[in-house]
Amino acid sequence: MEYEPVIGLEVHVEINSRSKVFCACLNNFHSPPNSNVCPVCLGMPGVLPVLNVAMVDASMAVGLALNCTISRWSKMDRKHYFYPDLAKSYQISQYDLPLCHDGYLDIEVDGASKRVGITRAHMEEDTARNTHTIGGGISGVDFNRCGVPLLEIVTEPDIFSADEAFAYLTALKQILEYLNVSDCNMEEGSLRAEPNISVRPKGSTTLGVKTEVKNVASFSGVRKAIEFEIKRQVKALDSGEAVVQETRGWDADRGITVSQRVKESAHDYRYFPDPDLMPVVVDDAWEERIRQSLPELPQARKRRFREDLDLSEYDAGVVGMTKDLADYFDAAVVAGAPAKQAANWITGEILATLAERKSDITACKMKPEALASMIGLIGDGTISGTIAKELLPDLIESGGDPKAIVEERGLVQISDSAELEELAQAIIRDHPGPAQEFRDGNKKAIGFLVGQAMKATKGKGNPKLINQILTDALSQE
Amino acid sequence: MAKITLEDVDYVAGLAHLTLNPETREAMARDLGSILEYIDQLERLDTSGVEPMMHVLDVTNVYREDTVGESLSQEDAFKNAPKTDGEYFLVPKILDGE
Amino acid sequence: MSAELFRLSAHETTARIRSGDTNAREVTESYLAHIESVEPKVDAYLDVWREPARARAEAIDAAIAAGQNPGPLAGVPVAIKDNLCTREGRTTCASKMLENFESPYDATVVEKLDAAGAVLLGKLNLDEFAMGSTNENSAVKVTRNPWDSDRVPGGSSGGAAACLAANEAAFTLGSDTGGSIRLPASFCGCLGMKPTYGRVSRYGLVAFASSLDQIGPFTKDAEDLALILAAIAGKDPRDATSADLPVPDYSSTMRDGVSGSRIGLPKEYFTDALDGEVGKQVDAALQALKGEGAELVEISLPHTEYAIAVYYIICTAEASSNLARFDGVRYGYRHPDAASVEDLYRLSKSEGFGLEVQRRILLGTYVLSSGYYDAYYLKAQKARGLLRRDFDEAFTRCDVIATPTSPTTAYKFGEKMDDPLQMYLGDIFTTSANLAGIPGLSMPCGLASNGMPVGLQLLGKPFDEAALIRTAYAYEKSGAPTLGPAPLG
């Protein structure tokens, strides 16, 4: 039988507020173990949580970027289960009234656009981290991460392939980065994706039994885990076995998912509204304030680059990949750089140079205005593109004003006809062979002679002018 | 409703991670049964159309600003820890899915 | 100097210290000596902080000598229920679970007492985690009623009530979830107030039922209630449920009298089930208030019969959640033999918690568990709304509601221990105020023929503690029967 997979994704995003979600501890779990902890996040007797307003703002921004409805009235609930990483033995989360709900995200897969429904995005707190490396049958718990603000974003079962899941995650991450609400680092766990997967006979409208996959540490891991699960479930059904509804762990080394046995009662979470926290009530003004603060989002920006600035699909995609890069590009254009040339420099030399240094645009010392200025110097003939390419690594490394550097280093292009005519005669004299080839009608031979002239001027000669003078000299003879 | 069976007691004791000895288990079934029987008089009360009261105070939107305050010293953080190596709170090895 | 400084009220004490008539050190010594003599019979304290109290008193005296103002409670010795977190000493909740717990922080009320210049004498016994009505659920010791050592002091703030009744502190703080201040105040013949929910910060009060708990004072007279409530009340940024409202100067309105004030008598409370003697004393108190110009009006609180059921659903549900954190990982009792995480939880909890605490955890877990939430918790929340509405409507016809605090005087030890339901039903008059979030106080209104104090309960509109204090003060001045010192005090 032919089957089709149905996939939903739960993504947990750690919000990068300065302090934790219910207490004033530093939100940074890279600190030494258990150094960013206080009575509140350690769940000491007698403490009370107070919600960090930055969490509500950031969650609302994500919700709006995902086209969600923002609840006018929502609340925090307690979700109970026992685990050493959960200080209070309940997690403060949102149960039936999430802050954001009923949104969508449009993604592109193989050139086609597709809409993924967002069921909800709700606020909660992260748990502590367990370490199993202590040995002696002992685990250690580090509560630095306990109480870090966490936003859980849940999709509808709208995703039908591993590639679509990958595209969704990529688009979501791009939005989160544009909003600057999270570090989005999957390896470090600030972005965690858990797919749930089921398969059903093709054409069927009912959903099959789903499994949920945890412990996936990269987007490509998500893709592989989904592909594995689909195959596993299809194989089971084909051989007459049933798929068991369960949580499975992704074993990246072996490339398989493994059943995690969890007691049925472990899912009786006994949710109830947290009496320690007051309702979150969002009025039009608050929502509008957040909406106004949203940056131009990736899709809109890419469209503008393509339609208003006439960039190619490819260039628009690369330049708009991250908010920092797109901001850089926009700033260069505002500073007077022609869009296409700015895009060429960015997607070409600049990104290549940064990539060599395993760095990104945020580390680029050359200001966007400097890029515009450099493009201007090429345009008005002050320097050649060759000189510009030579200058670039220094500019990226140390910054500075290209015009001043060009003058200081004497890199201004030689456009003096008399000087170049003298040089042309010398080149023709020294390279009689290619000169004769040109005279015999091989026009391409001029390239070699121009190259020699550029070499002789250390790249400072105006290549257009040299070409003209050489052509004239050889034709006149 | 009411009538608490021993299985009910075992189920909630499991959820609450309590181990009851045989006498306590029986006594709890009896006590919970009689208390729930008393509580069941609520069934008589018509609450249709009544909003649940989650808070007695009619207050919303109470927040803290996103500022970093002081955390505990390591000494205070671990002062009450039954088992620690001075870096972590120690527990018996945690197994997957436990 | 007076030999019996420990008999003074808080306002008298601080006035005499300020006037130079005595000093904080002398007052503290007087209390410490008295504690030494009566504590073996009363057993109210779990821990007496002798040296810290002396040092603190000396610091207060030094501040006064230097011309500073150490605050409105300068030099007044206070003791607090041991479910309030203190950096000093231990905070045990009278439970094996926390027998060694040293809080790394002070409760907000403790900071406020410090800021007001009070001298902390130590921590007081309670029913384990404040769960009980007799104080018999303490895992540590039995506190006795200073009026009759065969009788319970009431609970759960039994230590706080007995301590005050035995003059072992000038005032004490307790907590009230379903009557845990008012009931022991009634049993021990002192004043005890549960403020409006949100009036006093709960930060640092080990939570029993978060939507019901309030901290409040036990005092020797109404004037002390005014003084102490003002010192501990107010918005706390660490407690999202604390109300952002100004705290009135209760002392200045205290003497305004009750002339023209309407006192509501809920017909559902004055029934045949009421102990005849309790009814008689309460009635006399009401007549005294009438004599002061108050008008007595009959009111109805029609949902009263459901209060206990609603209360035991909500308080146990919240307790099962609040007590889940005691798992032996970061603090608290940890069973030495735990070989797995599951064992660690099960063994530590089963041995760390007493039976009543386990009973309430089980009940609360049950009412929240899958399939029962709507029938119990949600239904209780709705009924809670109806109970509140009862009070809102009643308070359109009266300013203060008066009832007995308890249907009976203090029980004998063991009398109620066998049947938890009967024990719960003893809270019949007190739980409604917690469910509705309104303020209430209990004050003595004479002795029954068994020699035990009877309590009059006054309930007020939300955040109108001033009306309760004014009424209590008027009653005191109208010739309320003075109980005299308790036999053990």
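Me: Angles under 35 degrees count as roughly parallel, over 145 as roughly antiparallel, 65 to 115 as roughly perpendicular and the rest as oblique. This is a predicted model, in which local features need pLDDT of at least 70, side-chain atom pairs count only at pLDDT 80 or more, and totals for chains, interfaces and linings use all residues. Residues are numbered from 1 along each chain as its sequence is written, while chains are lettered from A and ligands numbered from 1 in the order in which they are written. How are α2(B) and α10(C) placed to each other?

Reply: Helices (H or I, at least four residues) and strands (E, at least two) are DSSP runs, numbered from the N terminus. Axes are lines fitted to C-alpha atoms, for helices over the stretch in contact, and angles run from 0 to 180 degrees between N-to-C directions. Helix α2(B) and helix α10 (residues 307-322) of chain C pack with axes 9 Å apart, at an angle of about 125°. The two helices, α2(B) and α10(C), are therefore oblique.

Me: Which residues of α10(C) make the contact with α2(B)?

Reply: Two residues are in contact if their C-beta atoms, placed from the backbone, lie within 7 Å. From α2(B) come B:I35, B:Y38 and B:I39, and from α10(C) come C:A309, C:Y312 and C:I313.

Me: Which element gives the most to the side of chain B that touches chain C?

Reply: The contact takes 43 residues from chain B and 52 residues from chain C. On the chain B side, α1, α2 (22-39) and β2 each supply at least two residues. With seven residues, the element that gives the most is α2(B).

Me: How many residues of the side of chain B that touches chain A are charged?

Reply: Chain B brings 31 residues to this contact and chain A brings 41 residues. Ala, Val, Leu, Ile, Met, Phe, Trp, Tyr, Cys and Pro count as nonpolar, Asp, Glu, Lys and Arg as charged, and the others, Gly among them, as polar. On the side of chain B, 15 residues are nonpolar and 10 polar, and the number charged is six.

Me: What is the bridge partner of A:L51 in β1(B)?

Reply: Two strands pair if DSSP finds at least two bridges between them. Strand β2 (residues 51-52) of chain A and β1(B) pair in the parallel sense over two bridges. In β1(B), A:L51 has as its bridge partner B:Y63.

Me: How far apart do the C-alpha centres of domain 1 and domain 2 of chain A lie?

Reply: Domain bounds come from an automatic or database domain assignment, and for chain A it gives domain 1 (3-285), domain 2 (296-408) and domain 3 (417-476). Between domain 1 and domain 2 of chain A, the distance of the C-alpha centres is 37 Å.
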